[in-house]
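Work through the exercises below with the sequence and the structure side by side, and try each task before reading its solution.

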Amino acid sequence: MQSFVYTGLPARVIFGHGTLAQLAGEIERLGCRRALLLVGERLQDRVTVAAGGFAAGVFGEAVMHTPVAITERALAALGDLRADGIVAVGGGSAIGLGKALALRTDLPQIAIPTTYAGSEMTPILGQTEGGVKTTLRSPKVLPEVVLYDVELTRSLPPGLSATSGLNAIAHAVEALYAQDRNPITSLMAEDAIRALARALPRLLADPSDMEARSDALYGAWLCGVCLGAVGMALHHKLCHTLGGTFDLPHAETHAVVLPHAVAYNAAAAPDAMERIARALGSDDAARGLADLSRRLGVPQSLRDLGMPQEGIARAADLALRTPYWNPRPLDPAAIRDLIARAWAGVQV
Ligand code: NAD
């Protein structure tokens, strides 16, 4: 076995059905008396009831990409309500706002995720100001407690479950060939892909299949751990570039690009490919991912997501300007070809 470094990120994780009922006890356990609840309208009543006497108030304005202007409004609410803790309930948007508040106040946080985005397990925070997105890493933004309640994912629409789940799988896939990969993260990554690949088609067939929902949320948790623990490679670089440049939807872009990025890296990362294929129950990693995405009925091309064909060369240039480490060296012509194939939806 090769030498490695593994840094476990601290978090207390509570996983199960109906765990929201434990919220008040968890707030108290953190030593807080008045928590600000970051939660949208859909779950406001349930979360307020679960927080009981520990609810200081509600702020429900979280949106994608954590705009600093919204964070400042939430910060004012935090002060006005004299809150001493943060509870973020929702997808990556609500969790991102909780992280942005924790960065500025160092208050303890409880995250209650309702999608498969995985942000709750990472020390990463992306924020936007004046249309510019910046990303930072800080242990301060990591939630102290993550409460996974499978019941809260019951309402996640099938289409969103599929794209959010494929987005999560992308974190585990790239963790398996990361430059700083290690045996522990790789174990989690393989199990995460297995759990999500089995659960997502079942969810699509029956969105109220709670066994499948449970497996998917478990897989998403592990994918989040992978994203927080090791560096991502070409696939993530391409998705960030494409999403940012052409304003493409985040999870759908991941779903389209993933099989193509994996095919590009296949020969340079044979061990990772074997594990991905095994987890998918396929004889080929890239083809297995493409098959899964077709079964889930998600968009198959960047063209369908609204990317202009003239953007292919520009996206390749931009992605190569500030590249991430990648197992296969980045060949400009081959990267352009990869993006062109993803744009046209060529079958992997
Ligand atoms: P989101 O939080 O905006 O949720 C997407 C939509 O789904 C919203 O309309 C929301 O109201 C709805 N929704 C959420 N849960 C639901 C449920 N259970 N039932 C019904 N509807 C539900 O988006 P997201 O995809 O969860 O997260 C994307 C954001 O997270 C982006 O801003 C992304 O950059 C960020 N992110 C950050 C990290 C990180 O490590 N920092 C990791 C992954 C994603």
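The exercises that follow concern a predicted model, and each task is followed by a solution in steps.

**Exercise 1. The second largest pocket**

Describe the second largest pocket by its volume, its lining and the helices that contribute to this lining.

Solution. Begin with the volume, which is about 530 Å³ for the second largest pocket. Next, turn to the lining, which is made up of 22 residues, and pick out those that lie nearest the centre of the pocket, namely Gln2, Leu176, Arg181, Ser186 and Asp271. Finally, look at the helices: helix 6 (183-205) and helix 10 (270-280) each supply at least two residues of the lining, and helix 10, with four residues, gives the largest share.

**Exercise 2. Phe4 and Pro201**

Decide whether Phe4 is buried or exposed, or in between, and do likewise for Pro201.

Solution. Start with Phe4, which is found in the segment before strand 1 (12-16). Its relative accessibility is 39%, so Phe4 counts as partly exposed, since this class lies between the limits of 20% and 50%. Phe4 also belongs to a nonpolar surface patch of about 450 Å², which it makes together with Met1, Tyr6 and Ile184. Now take Pro201, which is found in helix 6. Its relative accessibility is 16%, and therefore Pro201 counts as buried, because buried means under 20%.

**Exercise 3. Salt bridges**

State how many salt bridges the model has, and examine the pairs that Arg154 and Arg287 form.

Solution. The count comes to eleven salt bridges, where a side-chain nitrogen of Lys or Arg has to lie within 4 Å of a carboxyl oxygen of Asp or Glu. For Arg154 the partner is Glu151, with the closest N and O atoms 3.1 Å apart; Arg154 is partly exposed at 41% relative accessibility, and Glu151 is partly exposed at 25%. For Arg287 the partner is Asp283, at 3.5 Å from N to O; here Arg287 is partly exposed, with a relative accessible area of 40%, whereas Asp283, at 68%, counts as exposed. To finish, find the network of salt bridges that links Glu190, Asp191, Arg194, Arg275 and Arg278.

Terms used
Residues numbered from 1 in each chain as written. Predicted model: local features only at pLDDT ≥ 70, side-chain atom pairs only at ≥ 80, totals over all residues. Heavy atoms only, no water. 1 Å grid on protein atoms, 1.4 Å probe; cavity = no way out; pocket = protein on both sides within 12 Å on 5 of 7 lines; lining within 4 Å. Points joined across faces, edges and corners; volume = space filled by probe spheres on them. Patch = residues over 30% accessible without salt bridge, like charges linked within 9 Å, V, L, I, M, F, W, Y side chains within 5 Å. Areas by Shrake-Rupley, 256 points an atom, 1.4 Å probe, with all protein chains shown as cover. Buried < 20%, exposed > 50% of the residue type's maximum accessible area, 1.4 Å probe, protein only.
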